[in-house]
Amino acid sequence: MTRFDLMILQDWWFTTLLGTRDPIRPPLKGDVKCDVLIVGAGAAGIAAALRLVKSGKMVIMLEKNIFGGSSTGKSAGFLTPDSELELSQLLRKYGHQGARDLWGVAAKGVDIMVDTIKTHKIDCDLQVQDCLFLGKGASGWKDVQDEVDARAKLGYSSTVYKEAEVPSVIGSNAYSGAIRYKGTYGVNPLLYAQGVKQVLLEGNIEIFESSDVLSWKGNTVFTHLGSVTAEKIIFCIDKPKPNITKFSRDVYHAQTFLSISEPLGDSDIAKLFPDGPLQCWDSDLIYTYFRLTGTKRLLVGGGDLLTTYAKNDTTTPRVMDKVINGLKETIPSLKPLRFIQYWQGRIDMTRDLIPTVLVDPEHPWAHFVLGCVGLPWATFCGDFAARNVMDDREIDSEKFYQYFSPNRSFFLPVWLESILGKRIVFTVNNAWAKYRQKENTPGSGNPK
Ligand SMILES: Cc1cc2nc3c(=O)[nH]c(=O)nc-3n(C[C@H](O)[C@H](O)[C@H](O)COP(=O)(O)OP(=O)(O)OC[C@H]3O[C@@H](n4cnc5c(N)ncnc54)[C@H](O)[C@@H]3O)c2cc1C
């Protein structure tokens, strides 16, 4: 039997839900009213609810799955400001102030999540783990240096490892260099979501799971068994349908795969991470990422070019098997390690990897948070939308609505999709945003 036949297709975080209290709430039945309705309980919807829980407003949440059951609860739980756009890419694209603003968005998202976990003592395997970006080959070493330079320019600290120094932090001599920095964490994202659910329930937020919003009209949304009428609605949904918002056209997907190993022994961990556990990813275009969980299992993620932009879910274990074998070639001490479960997910994203957050111009009571790449970005954006619903004057709404505007510029316009196809237009726009695009920074006096 080949190795991949041994892995079963199952999200490990769902396995860890066994034994938790109240993992699912009943669906909405009947017609109800509230001040604020939040649709979607991923990282964004959760952050919006956390912001509103002490506002004195009557809040309802509708989630079609369980709390955190979509991308959030499938994710690898790396909490880092570094997402698909590295700091050097933000710096090139937006200049100093823009890079600082947007890195600050993701760093704030990390802080909100970690503060929530600590304040409410949420049992979700929070791991303090420095991150390590590993260069592969000459171009990877250049990527590492670009990141080191960008961090130095913005005054953010980091440690750089040359090729010969890398084995002091990771059990491999196949990498060409690395950069490490602090302020990053690992978390079980589904236990985080479920833990916050308890906090919200105790704060008197009404929560209905298995409640898919099928349509909405005016201030009322409809599920298969009921409806909610609300003064304000915040949609924090993924894979949006055109009947929910016309801005669904701006949301694209990238697929990634994860796998979890059997627990490692202490001596294996010392070989893998000689200087203590780190959360790692490499410089490949479709990068491999890995970290240790609190139960000493290795979580490994990655993908391949063929399936990253696939239209539908890919369920074969072959993709993950290839990623694991690649990692084992790079880190030989992992060769005997067995991986037991794997799963995949399609991450919502936009053409330039920056979220879209807006107040619907035709329905000004409806707010949308769409296409967030990364738990911290989603968290910031959900919190941001809720603050705007509360009319919080302290936040710099104007500036962030410009960064997150659906009308920002892209290299190829949407109409080209009818000629070239959605996937090609997305891939070109995506690469342009990552490697070439330069923008004016909102508030710089020359906004777009
Ligand atoms: C395999 C994988 C690994 C990842 N790893 C990481 C990582 O390590 N670190 C990181 O920062 N990010 C990671 N991500 C990305 C991250 O998970 C997402 O960017 C983030 O979770 C987005 O949060 P969200 O709240 O915007 O969306 P979601 O978590 O998708 O939440 C949206 C919610 O809305 C609900 N919903 C949708 N439509 C309706 C409707 N009509 N009615 C009611 N409810 C609805 C969905 O069920 C869902 O729960 C990963 C993603 C995947 C798939």
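Mentor: Let us begin with pairing, since two strands are said to pair if DSSP finds at least two bridges between them, where strands (E, at least two residues) and helices (H or I, at least four) are DSSP runs numbered from the N terminus. This is a predicted model in which local features need pLDDT of at least 70 and side-chain atom pairs count only at pLDDT 80 or more, while totals for chains, interfaces and linings use all residues. Residues are numbered from 1 along each chain as its sequence is written, and side-chain values use heavy atoms, with hydrogens and water left out.

Trainee: What makes β6 and strand β15 (residues 279-282) a pair?

Mentor: DSSP must find at least two bridges, and β6 and β15 have 4 bridges in the parallel sense, with Leu 134 standing opposite Asp 282 in β15. On its other pairing, β6 meets strand β8 (residues 177-181) in the antiparallel sense over 5 bridges, and there Gly 135 stands opposite Gly 177.

Trainee: Why is strand β6 (residues 131-135) called largely enclosed?

Mentor: Buried means under 20% relative accessible area, exposed over 50% and partly exposed in between, with a 1.4 Å probe and protein chains only; 5 of the 5 residues of β6 are buried, so the strand is largely enclosed by the rest of the structure. Cys 131, Phe 133 and Gly 135 lie on one side, and Leu 132 and Leu 134 on the other.
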